Amino acid sequence: MDAKRRGRTINIMAAALVLAVGTGVGLIVFLVMRANADVALRRSLVSALALREEWVARDLHAGRARIQMVATRPFLARQLAMADRGRPDTHYVQVMRGLAAFRGMGLSALILYTAKGQLFAQAGAFMAHPVLAVPLRHELGTTLLWNPRQRFVIRAVVPMYRHRTIVGWVAGEAPLPDIERLLRSAKRLRAAANLALCGPRVTAMSCFPDTLAPTQPFPRLARRYQGRPLPMSYALAGHKGYVVTRNYLGSRVAAAYEPVDDTGLGMALTMNFAALYAPVYREFALVLPLIIGVMGAALLLLRWQLAPLVQALVESGRRAREAHARLRDSQNYMQAVLRDVDEGITTISESGIVETFNPGMERLFGYRAAEVIGRNVSMLMPEPYRSAHDDYLRRYRDTGVAHVIGGAGRELVARRKDGQEFPMDLHVSEFFVDGRRRFIGTIRDATGRKEAERRMEHRATHDALTDLPGRVLINTRAEQLIRRAERSGQLFAVMFLDLDGFKGINDRLGHAAGDQLLRMVADRLKKTLRVEDMVGRIGGDEFVVLVTNLVAVADAAIVADKILKALSQPYEIGSACLGCGVSIGIAFYPRDGRDAEELIKRSDLAMYEVKRAGRGGYHYVDDPICEKTTPDIEGVCAVHRALGGDELALYWRPVRACQGAGLVALTGLLRWRNLGHDMPDGGDCAATTAEAAFCTALAEWMLREVRRGLRSLAGGLPALPPVLIGLSPPLFCDAHLPERFAAILAEEGAPLGPIAVAVREADVRADLEGACAAAARWQAHGLLVALIHYGADLTAGVPLRAFKPALLCLDEAWVAAAGTPETAAHLAAVTASAHALAIPVIATGVTSASERGLATACGCDGYEGDAAGAPLPIGACEAWFPAVAKTDRWQSPPS
């Protein structure tokens, strides 16, 4: 009886102990799980908000950047400057096309104002009635707008500068649909999640529609609820963090808050506690009866199995001690191995906590083991891997899908204690200890291997001589640009460059000099092009240039002009001064080809058109040649020596009136003395500059000398005659030279008399349309245009009504042949046609009084030649000026 009582007592005590232990363990596990859930929730909210804040900040800055890019266009700035000065705008259609092109880059509306606030041009429609408008801090003139129809739109007003002076303003709007999708995407986190975006308002705040109220903005919302700050108030104050509090609806929430970069906006991501833990409590209520039933069954078993269980526990303890001893020996062995291997080896728990950190890891990362063990392994990772690591582990536990664990390993980026990032080869394996999942990672520094691979890849894709990209890399980049252009519709150009005269230099000076020249050419090309453009060498003296982000086809001509100018400068190689021009063929995507090979091939064919036309210029596919000559070797060196050595001289040739022999004009003649040679005593200015057409500096020097000479004579004269300056076709057609000439004249002070630029009739006839456009540019900048060497073959080739020069200079052949009645009649008809258009006619090559009489009889207004006077320096021709003939035909260009 006593034995039964003692047995019953033992059973009751054992049952009570089992119930107490089971209940305590269950409660502890529940509390630990809830605490872990809180930690995971905090990390999840903070990392999720950080990603969305970065997204919103990037969208805001990108929207403003697209509007700001319009303000950097020099063409628009020049048009606004002209409009502000009240000058007629002849490029309004191009401006509107440019604005339309910018709208295709993600802008919904654009408007241009002059510096005086006058509307210049507009494209698209601005948001008319924004429900909410929040100005952005540190972004003057930038506002984030919202209304139910257009949703989120950024509006910015940006000044436009020209020569560091504000010439106007551009205002634009860019839709931001990604922000709307971002706010709605918070539902994917949890059904009770809410993502809000707000801006400050003195003591309150203005909030845009959030996840829970996608159509309801809050123009004015208090920053506190029941005396406690709302999470958004911390973000608007510039703070970043996590808090458990109540929202403006009174619900208890966990919230992460963060400011949106430096815009003054704030973001908050909240999670409702009641909704978050409701499923946990429901599941616990369902499991509790099952736990009680299991514990009851265990109590029944205790009654019959207590004695055998005690014996089994004793035996189990013995086996556990033996296993522990074996495990201790195995651990000692493994620790000895881990200490001696070169690779870094670490083990982490299922939640990412570091448990072991061998000496190899200490050498790789610079941490001591005690600094890392017990902390999350993400501390060894840079962003964005650090923020995504916990989500990756959780996804693997839930789905079993892994990208790093198992397999052959992967190459990733790690972060040392000093902040340095380095590539590593990582292999991760999974194992279980006591039923709990663990991970072991083996790490090797991949810096040396990556550097070796980079050098090998560089050698394989770059030219060994110039270190420029080779054909393979050029083709790869071109295909990337094609794919981008297919999505954006953006224009880009492929330029094929071939050096002129390179073979002669290579043959004459040797391959070493040729190689050095190629390296110098490559260096000039890299300095001339923008960062986003690419230049490569595909063999010999052939280069390919990829020019991106073109708004119009004409933009490629600007780049080609820069390349021509850069490569036409002399090359100092040893003691030799060398010149080497370039011929450029230009193809455009998608106009001239749909793949890289076709574009390069078409640009190569266009380059050969330049070669056939005389070299030294550029040519579009299927377009007429745009002649831009480049100098030969001797011409380059001679001109640069002359400009730098004070070898140039300006002579003046008089043009006299046929009636009275008064001075009606002067022709400027440029001369220089080559080293070791006498100064030549013949040749006119047009012929002289044609030998060095590449040199804009030469033309500018001549203009300054003309103005200086006229100013020295201006004191005692009632009026000064017009002066003719001859230009070669490339200089005459240069779109920027008229503006440069006008700037030089403005630097010298008030004009002293008309300045006329002279161009040959044969050059005008070769490209009448281009010459007419060039003449209009010169006239728009206040300079006259003279047509010289007219009718070199005794025919009237260029229609004067179309070209409309201010002065017509006949070729010498007319005077030489004017003795025959037929030629004299023809010449009289030409002068009559010119007079009908109010164009004075000058006969050239007049050497005698009889030839002057012939010119006068045929209706010529003036004559030039030996009979008029030999060319003289300015100091020797003062006797001409008292006889200046007055005429009103020079006061303005013909209309």
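Predicted model: local features only at pLDDT ≥ 70, side-chain atom pairs only at ≥ 80, totals over all residues.
Two packed helices are described by the angle between their axes and the distance between the axes. For helix α12 (residues 502-509) and helix α13 (residues 511-528), the angle is about 140 degrees and the axes lie 6 Å apart. Because angles over 145 degrees would count as roughly antiparallel, α12 is classed as oblique to α13. On the side of α12 the contact is formed by F502, I505, N506 and L509, while α13 contributes H511, A513, G514, L517 and L518. Sorted by class, this contact of α12 with α13 comprises 6 nonpolar and 3 polar residues, with no charged residues.

L107 is located in the loop that runs between α3 (92-103) and β1 (109-114). With a relative accessible area of 5%, L107 is buried, since the cut-off for that class is under 20%. Beyond the neighbours within four places in sequence, L107 is in contact with R66, I67, V70, F102, E173 and A174. The C-alpha atoms of L107 and G124 are 8.6 Å apart in space, the two residues being 17 residues apart in sequence.

S429, by contrast in setting, belongs to strand β18 (residues 421-433), and its relative accessibility of 28% places S429 in the partly exposed class. The side chains of S429 and H427 are joined by a polar contact of 3.4 Å. When neighbours within four places in sequence are set aside, S429 is in contact with R438, F439 and I440. A C-alpha separation of 9.5 Å is found between S429 and T347, which are 82 residues apart along the chain.

Definitions and conventions:
Residues numbered from 1 in each chain as written. Heavy atoms only, no water. Axes fitted to C-alpha atoms, helices over the stretch in contact; angles between N-to-C directions. Helix = DSSP H or I, 4+ residues; strand = E, 2+ residues; numbered from the N terminus. Parallel < 35°, antiparallel > 145°, perpendicular 65-115°, else oblique. Contact = heavy atoms within 4.5 Å. Nonpolar A, V, L, I, M, F, W, Y, C, P; charged D, E, K, R; others polar. Buried < 20%, exposed > 50% of the residue type's maximum accessible area, 1.4 Å probe, protein only. Polar contact = N/O pair within 3.5 Å; in protein donor to acceptor, adjacent residues only side chain to side chain.
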